[in-house]
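Reader: I am new to this structure and would like a close look at a single part of it. Please take one residue, say what surrounds it, and follow the neighbours from there.

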Amino acid sequence: MKVRIQTIIILVFIALLFVIGSFVGVNPAMSANDVVMRFVMNGILVLSMVPMVESGCGLNFGVPVGIIAGILGALISLEMELGGIGGLFAAIAMGIGFAVVLGLGYGLLLNKVKGDEMLIATYVGYSLVYLMNVFWIVLPFRNPSSVQGYGGSGLRSTISIDKYWQNALNNVFSISIGKYITIPVGTLVFFGLLCFAVWAFFKTKLGTAMSAVGANPDFARAGGINVDMIRVISVVMSTVLAAIGIIIYQQCFGFIQTFSAPLAFSFSSVSALLLGGASLNKASIKNVILGTFLFQAVLTMTPTVINSAIEIDASEVIRIIVTNGMIVFALTRKTKEAK
């Protein structure tokens, strides 16, 4: 398997962070555990990029559309006071329902703006998030865990799921290694199954047609493929996976974040996929797994090591610098490779 020089550089940088961290008081076992947890938290959100890339719709900067669907499913699950693994999968089922509806509208819109999908997707994501900011205030949720404490109406910006389905999937067959490392086997297996399902889909006739549309839409159209329909299917798939991904993220994180929170996932998911070696019209499961690991490892270790070294809590500032730096690196690398 060919390993790109960029991947080697980032892996060496991660190794150096662990080495330096051991000299400035960073617990390597705890840091490794954080990397694994962030990997499973974000993996499905990165996976949601693959269908749209393969169909030629570009990088899904409109991933907040799927995230909104997942948040709706999660909130209704809390409203019904569903807990445990059943509550988690009920949230996923409802999130998928909303994602199909939103994905259809999103896909039809992108078919009207061919060639400008990534630009329009960004505006769609922002527009829907801020539209939903109004609905988070007026929707008739009544669960005391969800609504504002004083007025009894309008959602909190951060909602705890501790009493419902926090770590419900993480705890399935989880393995503890020493004092600091806990491997969330259930979530890893679930992520693996979704990766396998996406991989298997692209081995089917429909999946092959989707890849053909992304590679050369004119040739695909000449071969009798309904290009517009395939593109819509890819957008629906991406939106559904994003809805599932945010619910898995929530059960790991322990909170549902509303209002502007969905905007935080677009560029990080895109950057992770590009760091894994994907291009603007080709992405694979290998790109998802490698990119998610690289991105989350750097994002986890850099603030931790620097904070310990300088003994100043600047983690959020450092995280923003590192995140945007990796995004710039990923996007500029792809631009150079395209020339």
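Author: Asparagine 111 touches Asp228, Arg231 and Val232, leaving aside residues up to four places away in sequence. The model is a predicted one. Asparagine 111 itself belongs to helix α5, which covers residues 84-112. Its relative accessibility is 15%, so asparagine 111 counts as buried, the limit for that being under 20%. Asparagine 216 lies 105 residues from asparagine 111 in sequence, and their C-alpha atoms are 16 Å apart.

Aspartate 228 pairs with lysine 114, with 2.4 Å between the closest N and O atoms. This pair links distant parts of the chain: lysine 114 is in the loop between α5 and α6 (117-138), aspartate 228 is in helix α10, and 114 residues separate them. Lysine 114 is partly exposed, with a relative accessible area of 39%. Aspartate 228 is also partly exposed, at 35%.

Arginine 231 forms a salt bridge with glutamate 117, where the closest N and O atoms are 2.7 Å apart.

Helix α10 runs over residues 227-253. At 1.5 Å a residue, its 27 residues should span 39 Å, and the end C-alpha atoms are 39 Å apart, which agrees. Of the 27 residues, 23 are buried, so α10 is largely enclosed by the rest of the structure. Just after α10, glycine 254 takes a positive phi of about 95°.

The largest nonpolar core has 98 residues, and those with the most contacts inside it are Leu47, Trp136, Trp165 and Leu273. Helix α10 gives the most to this core, with 16 residues. Leucine 273 has contacts that include Val46, Met49, Ala278 and Val288.

The salt bridges come to 4 in the count. One of them joins the side chains of glutamate 54 and lysine 282, at 3.7 Å from N to O. That pair also links distant parts of the chain, 228 residues apart: glutamate 54 is in helix α3 (residues 50-54), and lysine 282 is in the loop between α11 (266-275) and α12 (285-310). Glutamate 54 counts as buried because its relative accessibility is 4%, whereas lysine 282 is partly exposed at 48%.

How values were computed
Residues are numbered from 1 along each chain as its sequence is written. This is a predicted model: local features need pLDDT of at least 70, side-chain atom pairs count only at pLDDT 80 or more; totals for chains, interfaces and linings use all residues. Side-chain values use heavy atoms; hydrogens and water are left out. Helices (H or I, at least four residues) and strands (E, at least two) are DSSP runs, numbered from the N terminus. Buried means under 20% relative accessible area, exposed over 50%, partly exposed in between (1.4 Å probe, protein chains only). Contact means heavy atoms within 4.5 Å. The expected span of a helix is 1.5 Å times one less than its number of residues. A nonpolar core is a set of buried Ala, Val, Leu, Ile, Met, Phe, Trp, Tyr and Cys residues joined through side-chain atoms within 4.5 Å.
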